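Grab a pencil and work through these exercises with the model in view. Each task comes with a solution that you can follow step by step.

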Amino acid sequence: MNVFVTGGAGYIGSVCVEELIKAGHQVTVYDNLSEGHRSAVDSRAKFILGHPEKENDLRNAVLSTKPEAILHFAASTLVGESMTDPGKYFHNNVCNGLTLLNAAVEAGVKKFVFSSTCATYGPPDKVPMTEDLPQRPINPYGESKLMFEKMLNWYHQVHKLEFVAFRYFNAAGASEQFGEHHRIETHLIPNILKVPLGQSKQCDIYGTDYPTPDGTCIRDYIHIIDLAQAHMLALAPGKQGFYNLGNGDGYSVRQVIEMCEKVSGTKIPAIEKPRRPGDPPKLVAGADKAIRELGWKPQYPKLQDIVTTAWNWHKQHPNGYSD
Ligand SMILES: NC(=O)c1ccc[n+]([C@@H]2O[C@H](COP(=O)([O-])OP(=O)(O)OC[C@H]3O[C@@H](n4cnc5c(N)ncnc54)[C@H](O)[C@@H]3O)[C@@H](O)[C@H]2O)c1
Ligand SMILES: O=c1ccn([C@@H]2O[C@H](COP(=O)(O)OP(=O)(O)O[C@H]3O[C@H](CO)[C@H](O)[C@H](O)[C@H]3O)[C@@H](O)[C@H]2O)c(=O)[nH]1
């Protein structure tokens, strides 16, 4: 298929582009490089540099590409930042998203695949979390993603735009070529791995008084190659709706630190800090729907394998991408 990928220079998008190309698709990446890296874009993809302030650039890029499918990864993505700068999140994730949706309809796109998040649920009434749980986000990031989900649903009803919206849990790991490099890193695993890389003396634990067995937050870590595979399956005609993507296993911050110690063979000191605003205590996926309806089968469900691929990539690229 001819596939247009927004945010394809970012962490998850870069690996998805790699997998799309491996599967024989023709790929155009649109990214403003606000977070992503030019060298994270597979050299076989066409690259269009977006401009953050020029709405028409995005529309023109879609219309000139005439894609059959759009994969929409581009977003502002940080829970913590959204609690201090909500406007950035509503502008980029909702307003810019709407421009893209309108362009998709104008261009007659057959399938729209959206990177949503488990942060749309807020603290759940039960875990594992299934798609039918109420969505009550507790941070502007999650709210902005929920708003886009709702727009997408209406565009499906009114314009017949077929979509799959994936609610990812915590993306982690790396492919051999592409990995995680955010200019300001807030994510847990890459921050912990800075210690064995010799770039930090210790890692931070945000909150030790959560209602969890060891007092630290629990998350469900999912390998980005497994996320990418779900996107391939979503491209099949007739696939439509909202799907969780996670492994169904929750790990606390302390357990993740222990796993990083085991994989890297290095003792990792941790400093206990206050809670980070906007963090729910425990998020664990029920992803049976994706397994059942899309035929999704995660290849790297074990935390040890996820951390090992991340560690291998960081050892090869201690300073991340050069640009
Ligand atoms: N990382 C996770 O654990 C996680 C979990 C749930 C959902 N998600 C979602 O997955 C998607 C990808 O996340 P990621 O971790 O790869 O983030 P990322 O920041 O690495 O990638 C996002 C990319 O989008 C680009 N971008 C942002 N705004 C843009 C705009 N207006 N125009 C063009 N390009 C723009 C950035 O430059 C970057 O390359 C996001 O939508 C995020 O909300 C991520
Ligand atoms: O140095 C750190 C970094 C994080 N944490 C904690 O580790 C957990 C995971 O934090 P991340 O920042 O790695 O991930 P989040 O769960 O905050 O967010 C990720 O998953 C969300 C869904 O839950 C969103 O979709 C978001 O885009 C994505 O970054 C949280 O409890 C956080 O407080 C620490 O203790 N120390």
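**Exercise 1.** Find out which residues of helix 10 are buried, and what they pack against.

*Solution.* Start with the ground rules: this is a predicted model, where local features need pLDDT of at least 70, side-chain atom pairs count only at pLDDT 80 or more, and totals for chains, interfaces and linings use all residues. Residues are numbered from 1 along each chain as its sequence is written, while chains are lettered from A and ligands numbered from 1 in the order in which they are written.

Step 1: pick out the helix, knowing that helices (H or I, at least four residues) and strands (E, at least two) are DSSP runs, numbered from the N terminus.

Step 2: apply the burial test. A residue is buried if 20 or more other C-beta atoms lie within 10 Å of its own, exposed if 12 or fewer, and partly exposed in between, with C-beta atoms placed from the backbone. In helix 10, L303, I306, V307, T309, A310, W311, W313 and H314 are buried.

Step 3: look at the partners. Those buried residues pack against strand 7 (170-172), helix 6 (188-193), strand 10 (221-223), strand 12 (251-252) and helix 8 (253-264).

**Exercise 2.** Check the span of helix 10 against what you'd expect.

*Solution.* The expected span is 1.5 Å times one less than the number of residues. For the 14 residues of helix 10 (residues 303-316) that gives 20 Å, and the end C-alpha atoms are 20 Å apart, so the two agree.

**Exercise 3.** Describe what surrounds each ligand.

*Solution.* A residue counts as near if its C-beta atom, placed from the backbone, lies within 6 Å of the molecule.

Step 1: ligand 1 has 28 residues around it, with G7, G10, Y11, G36 and A75 the closest. Elements giving two or more residues are helix 1 (11-22), strand 2 (26-31), helix 4 (86-106), strand 5 (111-117) and strand 7. Helix 1 has the largest share, three residues.

Step 2: ligand 2 has 20 residues around it, and T117, H187, L188, Y206 and C217 come nearest. Here helix 6 and strand 8 (203-206) give two or more residues, with the largest share, four residues, from strand 8.

**Exercise 4.** Sum up the whole protein chain.

*Solution.* Count the elements to get ten helices and 13 strands. Next, the C-alpha atoms fill a box of roughly 55 × 40 × 40 Å along the principal axes. Finally, buried residues make up 49% of the 323 residues.

Key:
Contact = placed C-beta atoms within 7 Å.
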